[in-house]
Amino acid sequence: MKTLRLILGDQLNYNHSWLKTVDNNVFYVLMEVREETDYAKHHIQKVIGVFAAMYNFAEYLKKNKHNVIYIQINDKNNHQNVSKNIHQLVDEGKFKKFEYLLPDEYRVDSYLKELCSQLKINSSFFDTEHFISTRDELAKVFEGKKSYLLETFYRKLRVKEGILMQGSKPYGGKWNYDALNRQTYKGEEKIPPFLDFKNDYSSIEREIRKAHIQTIGSVDSKNFQWPTTPKHAQELVDYFISKLLPSFGKYQDAMHTSNWHLFHSRLSFALNIKLISPISVIKQVETAFLTGKTKADIAQVEGFIRQILGWREYMRGIYWAQMPNYANLNFFGHQNKLPDWYWTGDTKLNCLKHAIKQSLEHAYAHHIQRLMITGNFALLAQVHPDEVDAWYLGIYIDAFEWVEITNTRGMSQFADGGLVGTKPYVSSSAYIDKMSNYCKTCYYDKTKKVGDRACPFNSLYWNFYETHSQLLNKNPRVGMMLNVLHKMDKQTRQALLKQAEVYLANINDL
Ligand SMILES: Cc1cc2nc3c(=O)[nH]c(=O)nc-3n(C[C@H](O)[C@H](O)[C@H](O)COP(=O)(O)OP(=O)(O)OC[C@H]3O[C@@H](n4cnc5c(N)ncnc54)[C@H](O)[C@@H]3O)c2cc1C
Ligand code: SF4
């Protein structure tokens with residue numbers, strides 16, 4: 001039966017069972033459409049990266065004798081809309097069946113269901129065969145529970161997949177080695193240069209510019225730095241295991257002005273568009289450790305595996321358990337706008353300047369920069385979660401809603417009231433100074449809470465607790481901070497709140 005199969009830009013699984021056999025009646029369609037480039041203002045590197053990876057995937061299919069229809073962004077017959085393009089292809093190609101892979105985003109899931117209901121031919125969907133847990137696995141594990149604990153889910157997956165296990169016990173006797181990780185980085189170990197693929201995708205950039213797609217950030221498209229084939233993704237894994245893993249956990253939370261990636265893997269983009277499978281990455285890391293092929297100790301190895309087997313699967317599970325309501329949550333009722341300088345990095349706050357400028361330049365910031373610099377400030381500045389989501393969804397190469405929104409609205413902005421995080425991730429300058437060297441060269445004074453050049457994080461931090469003490473007073477993890485606030489003398493407290501008020505009123509000038 002003549003069948004049309006849709007593959008989306010983040011579904012590039014070269015090992016999918018669909019591709020195991022060649023069937024002349026089956027046609028794979030991939031399309032570059034404005035509908036997808038325009039639903040958020042994306043980083044230019046993200047648009048190029050996805051288009052390049054899609055194109056490479058289509059070439060691979062053709063080389064392996066599959067029928068392929070590839071619609072490019074400036075093609076005349078491109079309706080710039082998935083549904084319209086599919087309708088046209090079905091009519092013109094006389095297809096009898098439409099098949100698609102389960103999308104990761106709620107928006108696209110509803111869209112494809114609607115499309116299928118309109119088509120006059122049979123349709124069905126298939127799994128992407130990428131994730132370790134199923135869409136509804138987390139919801140089932142926590143059925144009837146008020147909170148979803150990462151640790152519970154992570155351990156279940158460790159046991160189920162037999163990762164870092166010795167019989168029924170965790171390898172080394174402990175499930176979690178976080179206490180040994182999270183050191184500061186003071187330049188004591190040389191950070192290996194990042195693995196750069198240097199592909200020339202300037203022709204793709206030209207087409208994007210020709211189509212007048214609105215993007216953010218910069219790119220050197222002649223030397224494109226991100227993986228866009230499974231071969232690149234595997235090279236990145238090999239590089240990570242041999243050069244970065246031994247120091248991964250140790251410096252996982254560290255930040256430094258001299259380097260934008262430290263010992264992080266930079267694998268998220270390749271994983272999210274499915275160029276490489278999470279279980280393959282995990283097993284390669286585990287095998288390197290168990291066979292002594294890496295100098296990394298258990299703390300580094302478990303720390304890394306926890307990110308992919310734990311956090312990544314957990315976030316996806318939360319997404320499918322909570323959407324679509326999750327996208328409207330705003331626990332604190334924050335209404336402010338994001339400061340304008342989030343789009344330029346032109347601010348005197350050195351930590352934010354570094355995190356934002358590198359994000360614009362590389363479409364990347366590591367987890368602690370996202371959580372404790374840009375996310376922390378947005379929460380303290382009481383920015384509406386919609387604004388924060390839009391920024392994160394646009395700026396990072398790895399940003400796809402299922403993993404972006406749970407991290408941003410959930411973990412970073414506490415807009416879900418504590419489903420993902422057990423307390424709001426806010427801090428004063430003390431944490432930032434401990435984990436980075438940003439404060440050393442900052443215009444603001446990290447030690448000052450009020451007055452000229454006082455670090456804005458300090459007053460905004462106490463202002464946050466003052467504003468939300470009612471909402472947070474039952475949270476045992478913030479009780480200590482609320483006690484400190486309530487014991488503060490009136491004058492100090494008033495001065496802090498006044499300082500915060502001035503900063504909030506002049507946020508674009510900071
Ligand atoms: C506010 C905020 C927004 C974020 N938005 C995204 C996003 O849009 N897309 C995205 O993939 N990650 C997001 N993250 C999670 C994390 O910051 C990135 O996955 C990580 O920085 C990617 O860099 P890396 O590949 O070098 O990661 P590494 O530090 O090397 O970690 C290895 C892998 O673990 C996974 N991982 C680690 N932490 C998380 C997490 N919290 N949730 C899900 N997976 C995780 C990623 O796949 C990552 O590639 C966000 C975090 C925060 C705090
Ligand atoms: S002093 Fe304040 S604004 Fe400056 S880098 Fe440190 S925390 Fe950031």
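How do the residues of the shell around ligand 1 divide into nonpolar, polar and charged? That was what I wanted to know when I opened this predicted model.

**Entry 1: the ligand shell**

I sorted the shell around ligand 1 and got 13 nonpolar residues, ten polar and five charged. I then asked which of the 28 residues around the ligand come nearest, and found His264, Ser265, Arg266, Tyr364 and Asn407.

Histidine 264 has a side-chain N or O atom 2.7 Å from an oxygen of ligand 1. Histidine 367 also uses its side chain, with a polar atom 3.1 Å from a ligand oxygen. Leucine 267 takes part through its backbone instead, where a polar atom sits 3.0 Å from an oxygen of ligand 1.

I checked how well the ligand is covered. On its own, ligand 1 exposes 820 Å², and the protein buries 99% of that area. I also noted which elements give two or more residues to the shell: α9 (268-272), α11 (298-322), α13 (367-380) and α15 (401-412). Helix α11 has the largest share, with six residues.

Is arginine 306 buried or exposed? Its relative accessibility is 3%, so I put it down as buried, the cut-off being under 20%.

I wanted to see what its side chain meets. A polar contact of 2.9 Å links it to the side chain of glutamate 151. Beyond four places in sequence, I listed the contacts of arginine 306 as Leu150, Glu151, Tyr154, Trp175, Asn176, Asp178 and Trp311.

The largest nonpolar core here has 153 residues, and Leu30, Leu352, Phe377 and Tyr465 have the most contacts inside it. Helix α11 turns up again, giving this core its largest share with twelve residues. I also found a second, separate core of 20 residues, with Met31, Leu89, Tyr100 and Cys116 among them.

I took leucine 352 as my example from the largest core. What does leucine 352 touch, not counting residues up to four places away in sequence? I wrote down Trp341, Tyr342, Thr347, Lys357, Ile373, Thr374, Phe377 and Phe457. One of these, Phe377, is itself on the list of residues with the most contacts in that core.

**Entry 2: loops, buried and exposed**

I went through a few loop residues next. Aspartate 398 is in the loop between α14 (385-395) and α15. With a relative accessible area of 8%, aspartate 398 is buried. Its contacts beyond four places in sequence are Ser268, Phe269, Asn272, Arg370 and Val403.

Alanine 454 is in the loop between α16 (429-435) and α17 (456-467). Away from its sequence neighbours within four places, alanine 454 is in contact with Tyr444, Asp445, Lys448, Lys449 and Tyr503. I also checked the spacing to threonine 441, which is 13 residues away in sequence, and the C-alpha atoms are 14 Å apart.

Lysine 65 was my next stop, in the loop between α2 (44-63) and β3 (67-71). This lysine counts as exposed because its relative accessibility is 63%, and the cut-off is over 50%. Its C-alpha atom is 9.7 Å from that of threonine 21, although 44 residues separate the two along the chain.

I finished with the backbone. Where is there a cis peptide bond? I found it joining methionine 323 and proline 324, with omega at about 10°. Proline 324 is in the loop between α11 and α12 (350-362).

Phenylalanine 414 has a phi near 55° and lies in the loop between α15 and α16. I looked up its accessibility too: at 2% relative accessible area, phenylalanine 414 is buried.

Terms used
Residues numbered from 1 in each chain as written. Chains lettered and ligands numbered in written order. Predicted model: local features only at pLDDT ≥ 70, side-chain atom pairs only at ≥ 80, totals over all residues. Heavy atoms only, no water. Near = heavy atom within 4 Å. Polar contact = N/O pair within 3.5 Å; in protein donor to acceptor, adjacent residues only side chain to side chain. Areas by Shrake-Rupley, 256 points an atom, 1.4 Å probe, with all protein chains shown as cover. Helix = DSSP H or I, 4+ residues; strand = E, 2+ residues; numbered from the N terminus. Nonpolar A, V, L, I, M, F, W, Y, C, P; charged D, E, K, R; others polar. Buried < 20%, exposed > 50% of the residue type's maximum accessible area, 1.4 Å probe, protein only. Contact = heavy atoms within 4.5 Å. Core = buried A, V, L, I, M, F, W, Y, C linked by side-chain atoms within 4.5 Å.
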